[in-house]
Amino acid sequence: MKFCDITLSYHETSGGIRTYLDEKRRYLLEHTNHEHVLIIPDEEDSVEHSPRALTYRIASPTIPGYAPYRMFWRPDKISHILEQEHADVIELGSFYAAAWAVRHHHDDRERRRDPCCIGGYFHTDVAEAFVSGPLRRAIDQSVSDWSPTLETIGYKIADFLAGGVESYIKSVFEHCDLRMAASRQQADRLQDYGVDEVHVVPLGIDLHRFHPSKRSPEIRAQLDLNPDDFGLIYAGRLVNEKRVELLLDAVSQLPNDLNAQLRIMGEGPLREALEQRAASVSNVKILPYEKDQNLYAAKMASSDLYVTAGPFETFGLSVIEAQAAGLPTIGVQAGALIERVPPQTGILVPVDDATSFARAIETAYGRRQEFSNASRRHVEENFSWDKTFQTQLALYDQLITHKSLPAD
């Protein structure tokens with residue numbers, strides 16, 4: 001079979017979705033005879049060829065405020081590639097211009113009695129992360145203290161706009177033959193949108209690459225961590241919905257004798273503001289995105305605690321990477337983190353509460369070995385890329401077989 005993935009969340013410094021797609025291509029090439037096609041936006045049109053794998057880059061503009069992410073805006077180019085490649089399975093990771101091109105291609109092939117299967121993977125809760133959440137936060141910060149009436153009106157507007165996004169996403173998923181989410185919480189959230197029959201297909205991890213044995217004094221030195229420092233690390237996009245600035249607020253409340261050092265690793269529009277704040281304190285450093293996966297894994301293992309304050313995680317791949325490396329986790333009681341961080345592996349605190357976050361870090365310091373051992377066991381027992389793609393391919397095989405049966 002030929003598989004095709006379409007997403008806008010794939011570039012040099014992107015996170016979990018790129019990891020998922022890279023691992024998916026690796027699995028298909030190493031363990032099956034299937035082919036893989038990837039369609040992504042980029043600065044200019046290009047095509048990369050390799051055995052049983054193609055990557056199409058379509059010239060696309062950057063998303064305002066979210067560079068280097070780009071948005072598809074030429075569905076005709078996507079349609080041309082789809083017609084040329086004639087994939088058996090097309091998986092949507094982007095739901096706007098790409099979705100319309102895929103739907104048109106699917107319907108045209110159905111009319112020709114040459115069916116293909118469309119999969120939709122709910123990687124991002126768009127309505128909450130990019131509409132309702134940011135608007136409510138802006139309202140809380142601007143009018144909630146002096147005008148309850150404006151606050152109420154603002155919340156209603158936020159809910160109205162989010163409802164429109166939910167209706168649109170529902171319409172996209174209703175035209176997918178297979179609907180997937182990476183966690184039970186996100187499957188339930190998609191059902192809140194009005195989408196039924198959602199399959200939970202968790203992401204995986206390379207258990208050999210991410211391992212406590214990768215801990216290294218040399219890597220700790222690269223992170224500017226002394227042997228007696230308590231090294232906190234965050235790895236991910238530097239954007240508002242990740243609440244990265246709260247990590248600095250929490251660290252500022254820690255006692256000096258904890259020797260806490262925070263390392264924030266990633267890229268995004270908040271980098272400059274974070275660097276400005278970090279310049280005035282000695283225990284926070286903003287590191288670049290780490291492209292070398294082996295070095296990234298070693299930096300995880302050479303830290304002591306993973307911290308993440310974003311309430312909109314749909315899976316939390318960086319969390320299980322940290323857990324596999326033997327790190328406890330401090331997170332928030334929201335999104336997929338509720339599933340990713342069971343009590344034996346770390347602590348979850350209320351959203352946007354820097355003081356509670358700081359107290360949880362102090363608690364984790366005293367229980368770090370206990371949490372560390374449980375975190376590694378948790379990942380070993382529950383996550384692997386082989387399991388992810390075996391589950392996914394079985395679901396697609398069932399659909400393709402069903403579509404290939406002659407009509408009664």
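**Entry 1**

I began at Ile 6, which stands opposite Leu 92 in β5. I noted that this is a predicted model, where local features need pLDDT of at least 70, side-chain atom pairs count only at pLDDT 80 or more, and totals for chains, interfaces and linings use all residues. Residues are numbered from 1 along each chain as its sequence is written, and side-chain values use heavy atoms, with hydrogens and water left out.

I then looked up the strands themselves. Strand β1 covers residues 2–6 and strand β5 covers residues 89–92; they pair in the parallel sense over four bridges. Two strands pair if DSSP finds at least two bridges between them. Strands (E, at least two residues) and helices (H or I, at least four) are DSSP runs, numbered from the N terminus.

**Entry 2**

In what order do the eight strands of the open sheet run? I read β3-β4-β2-β1-β5-β6-β7-β8, with mixed pairing. At the edges I found β3 (46–50) and β8 (198–200); each has a single partner strand, so one side of each is left without a neighbour in the sheet. Neighbouring strands are turned by 20 degrees against each other on average, direction ignored. Axes here are lines fitted to C-alpha atoms, for helices over the stretch in contact, and angles run from 0 to 180 degrees between N-to-C directions.

Next I checked the helices. Helix α1 (residues 16–31) lies across β1, β2 (35–42), β4 (53–59), β5 and β6 (117–122). Helix α1 runs at about 160 degrees to β2. Helix α3 (residues 97–111) also packs on the sheet and touches β1, β5 and β6. The direction of α3 makes about 155 degrees with that of β5.

**Entry 3: aromatic rings**

How many aromatic pairs does a search of the whole structure find? I got 11. Rings of Phe, Tyr and Trp (its six-membered ring) pair if their centres lie within 6.5 Å; planes under 30 degrees apart count as stacked, over 60 as edge-to-face and the rest as tilted.

I picked Phe 230 and Tyr 365, an edge-to-face pair with 4.9 Å centre to centre and 80 degrees between the planes. Phe 230 lies in strand β9 (residues 230–235) and Tyr 365 in helix α13 (residues 354–366), so the pair ties together parts 135 residues apart in sequence. Is Phe 230 buried or exposed? Phe 230 counts as buried, at 2% relative accessibility. Tyr 365 has 28% and counts as partly exposed. Buried means under 20% relative accessible area, exposed over 50%, partly exposed in between (1.4 Å probe, protein chains only).

Tyr 234 and Tyr 306 gave me a stacked pair: 6.4 Å centre to centre, 25 degrees between the planes. Tyr 234 is in β9 and Tyr 306 in β12 (residues 305–307), so this pair ties together parts 72 residues apart in sequence. Both tyrosines, Tyr 234 and Tyr 306, are buried.

I also noted a cluster: ring pairs link Tyr 20, Tyr 27, Tyr 121, Trp 385 and Phe 389.

**Entry 4: a lysine and the totals**

Lys 299 is found in helix α10 (residues 293–301). Lys 299 counts as buried, at 11% relative accessibility. Leaving aside neighbours within four places in sequence, I listed contacts (heavy atoms within 4.5 Å) of Lys 299, including Ile 219, Gln 222, Met 265 and Glu 290.

Last, I looked up the totals. The protein chain has 15 helices and 14 strands. Buried residues make up 54% of its 408 residues.
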